[in-house]
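Hi,

Here is the model I said I'd pass along.

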Amino acid sequence: MEKMELKSEDNKGENRRRRRVGLIHDERMCKHFAPDDDYHPENPNRILAIWNKLKSSGITQRCVVLSAKEAEDKYIAAVHTKNHIDLIKNISSEKFDSRRERIAAKYNSIYFNEGSSEAAYLAAGSVLEVAEKVAKGELDSAFAIVRPPGHHAEENEPMGFCLHNNVAVATSFLLNKRELGIKKILIVDWDVHHGNGTQKMFWKDPRVLFFSVHRYDFGTFYPASEDGSHIMIGKGPGAGYNINVPWESGRCGDADYIAAWDHVLIPVAKEFNPDIIMISAGFDAAVGDPLGGCRVTPYGYSVMLKKLMESAQGKIVMALEGGYNLDSIANSVLACVEVLVEEKPLSGSSEAYPFESTWRVIQAVREKLSPFWPILKYELSKKLTDGKAPPIQISCSDSDGENDICANIVSEDLEKAVQDVLQPFSELRVGINSNDEVSTVSAPWRLELSKIDVWYATFGSNMCKSRFLCYIQGGQVEGMIKACAGSLDKSPPKEILWKTVPHRLFFGHDQSKAWGPGGVAFLHPESNSQNRAYMCLYRITLEQFNDVLLQENVSRIDLSSPAFDLTDLDSIMEKGKSVEVLERGWYRNVVHLGNESGIPILTMTCTLSDVESFTSGILPLCAPAKEYADTLVRGLVGGNQFSEEEAMAYILEASTNPL
């Protein structure tokens with residue numbers, strides 16, 4: 001096992017030029033905070049804690065401290081639409097006072113207040129200001145201590161606490177200002193969440209190499225989309241210039257991140273040879289962060305940064321993104337600034353092995369990118385990849401919120417055990433025990449709904465039990481291109497039975513995230529005595545039903561309350577109608593199909609408006625792909641409903657008859 005130690009050279013003589021490192025901090029960015037003084041993890045204390053730590057260490061006296069400037073609209077317009085710019089510019093004005101919260105609710109994990117506009121413009125302007133000075137050589141490197149963060153903000157949509165995409169604004173500015181001579185830029189995003197906004201803005205641009213290492217959890221970790229997959233490599237001239245390293249679960253630490261640096265990022269960065277490096281420096285992968293669930297130390301961030309300084313002549317601009325444990329972000333930023341000023345060797349070491357899943361991810365990334373970067377073609381040595389992390393302890397909590405050590409589990413089972421797999425930003429609580437383990441508190445509704453049984457009626461691939469268990473226990477079956485995270489309660493169904501219902505089965509849509517090209521099954525929400533559909537019913541808890549609902553749609557972020565609660569259940573049982581429980585998703589419509597042994601039968605399908613779109617041709621009707629159809633056949637045959645030939649005929653009829 002190789003120690004990960006990295007030391008910078010000691011100062012050699014009085015004539016060595018001291019590096020000029022810029023710092024930008026402005027308390028006007030503290031005017032952006034959650035309305036009504038509600039607690040929010042992205043709050044003004046984040047930048048105050050960082051600045052106080054830097055000042056108390058004395059390092060601010062060694063740096064060039066700059067004043068923040070608001071970005072001009074013409075520079076923001078290079079990556080954001082006019083509608084987006086107008087929204088952020090005007091949202092803090094008095095005319096929006098009565099509508100501000102209602103507008104914020106339309107977006108994903110966003111709040112606005114009277115200080116949001118100014119803070120957003122200062123954040124973008126600050127990153128742009130120091131980037132220009134580094135490009136000109138007035139500074140060797142810089143750290144912009146800014147908020148709100150930026151990497152989730154997309155062209156026409158703020159999201160994930162982010163208003164303007166600060167790093168993207170600065171990157172575009174540098175590339176478009178030709179006199180600066182910046183032709184190639186490496187963006188490194190080490191925030192624990194995928195930088196979806198930045199990725200999309202430079203998706204086709206070979207001048208920008210975008211690298212993001214993040215928790216992915218098979219697409220269930222925020223921002224809960226396939227954008228963060230390793231197969232997302234860019235398009236057209238930008239193909240190969242987008243690199244995602246998506247961790248399969250939490251707990252990744254220094255060894256895992258440095259392995260990604262050594263075997264993916266650094267070799268490609270040397271080939272790319274950037275003129276400057278922009279770092280989306282989120283510190284929510286740090287030990288103790290309430291949202292990230294990873295374990296990177298300040299020393300780990302130091303090593304990653306030091307390795308990057310070997311490229312672009314050390315021209316590095318760091319911009320704060322996430323990070324919600326005040327001690328962690330303050331200590332981590334200080335460690336990074338100490339690397340930038342290069343006045344003392346790095347202190348610390350790590351002898352941990354990467355997780356086995358880390359090597360699996362790295363190998364998959366290298367294989368996908370090797371056609372574009374030949375340096376990634378060679379196989380990693382078996383001696384290197386055979387090193388495995390020892391079993392680790394997971395800190396979890398019971399319904400009373402008391403911390404305990406619940407199990408010793410190796411990293412490969414983490415996605416099936418750690419409780420924050422399905423928990424979003426708003427549900428997690430800060431909590432560090434004596435072993436620096438991150439603890440989470442399960443939402444109270446889970447205990448209540450775990451006592452209620454329902455029949456979940458399935459009509460598509462979930463009729464195959466092994467496929468359905470992916471939603472309960474995690475994993476994937478043959479033919480699936482995307483794994484499921486599983487429910488928090490992994491208990492198997494208490495009973496299984498089959499039933500026919502007077503509803504129309506049909507196949508629509510042109511592709512799905514789990515199965516790729518081809519239609520998937522839908523059940524018409526309204527009954528018709530002329531139709532008959534075969535349903536496999538699983539008796540599960542209402543808590544598990546909510547987790548399946550989330551995984552089928554992957555659109556809900558706030559799980560402080562269930563998507564489908566007892567009030568919804570009572571309502572559809574009494575009125576006999578369906579209820580749309582999510583704003584987005586193809587299976588967001590819950591339908592009551594009656595009762596069995598006194599237990600309600602529920603299914604999830606598309607809405608009536610979706611049916612109208614399928615009927616009119618706005619949405620395509622499409623036969624299922626072979627892998628998907630084979631899974632339906634296995635379910636129907638295994639449930640003794642049909643022979644294989646009869647099952648195939650049933651599917652063919654449903655996929656060819658017009659609505």
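**What I found in the fold**

Start at Phe143: its bridge partner in E8 is Met318. This is a predicted model, so local features need pLDDT of at least 70 and side-chain atom pairs count only at pLDDT 80 or more, while totals for chains, interfaces and linings use all residues. Residues are numbered from 1 along each chain as its sequence is written, and side-chain values use heavy atoms, with hydrogens and water left out.

Strand E3 (residues 141-144) and strand E8 (residues 316-320) run parallel and share 4 bridges; two strands count as paired if DSSP finds at least two bridges between them. Helices (H or I, at least four residues) and strands (E, at least two) are DSSP runs, numbered from the N terminus.

Zooming out, E3 and E8 belong to an open, parallel sheet of 8 strands, in the order E2-E1-E3-E8-E7-E4-E5-E6. Strand E2 (64-66) and strand E6 (242-247) each have a single partner, so one side of each has no neighbour in the sheet. On average, neighbouring strands are turned by 15° against each other, direction ignored. (Axes are lines fitted to C-alpha atoms, for helices over the stretch in contact, and angles run from 0 to 180 degrees between N-to-C directions.)

Helix H8 (residues 254-272) packs on this sheet, touching strand E4 (185-189), strand E5 (208-215) and E6, and its direction makes about 175° with that of E5. Helix H10 (residues 326-341) lies across strand E1 (21-24), E3 and E8, at about 160° to E3.

**The E6 edge**

E5 and E6 are joined by 6 bridges, and Arg215 stands opposite Trp247 in E6. Although E6 is an edge strand, 6 of its 6 residues are buried (under 20% relative accessible area, with exposed over 50% and partly exposed in between; 1.4 Å probe, protein chains only). Asn242, Asn244 and Pro246 point one way, and Ile243, Val245 and Trp247 the other.

**The cores**

A nonpolar core here is a set of buried Ala, Val, Leu, Ile, Met, Phe, Trp, Tyr and Cys residues joined through side-chain atoms within 4.5 Å. The largest has 124 residues, and Phe143, Trp190, Trp261 and Leu308 touch the most other members. Helix H5 (residues 116-136) supplies the largest share, 12 residues. Beyond its neighbours within four places in sequence, Trp261 contacts (heavy atoms within 4.5 Å) residues including Val188, Trp190, Phe211, Met304 and Leu308. There is also a second, separate core of 65 residues, which includes Phe506, Ile572, Leu582 and Val591.

**Two helix pairs**

H8 also packs against helix H11 (residues 356-369), at about 25° with the axes 10 Å apart. H8 and H11 are therefore roughly parallel. (Under 35 degrees is roughly parallel, over 145 roughly antiparallel, 65 to 115 roughly perpendicular, and the rest oblique.) Asp256, Ala259, Ala260, His263 and Val264 of H8 meet Thr358, Trp359, Ile362, Val365 and Arg366 of H11.

Helix H3 (residues 82-90) and H5 pack at about 120°, with their axes 6 Å apart, and are therefore oblique. Here Ile85, Ile88, Lys89 and Asn90 of H3 meet Ser117, Ala120 and Tyr121 of H5.

**Whole chain**

The chain has 20 helices and 20 strands, and 61% of its 659 residues are buried. Of the contacts between residues at least 6 apart in sequence, 74% join residues at least 24 apart.

Cheers
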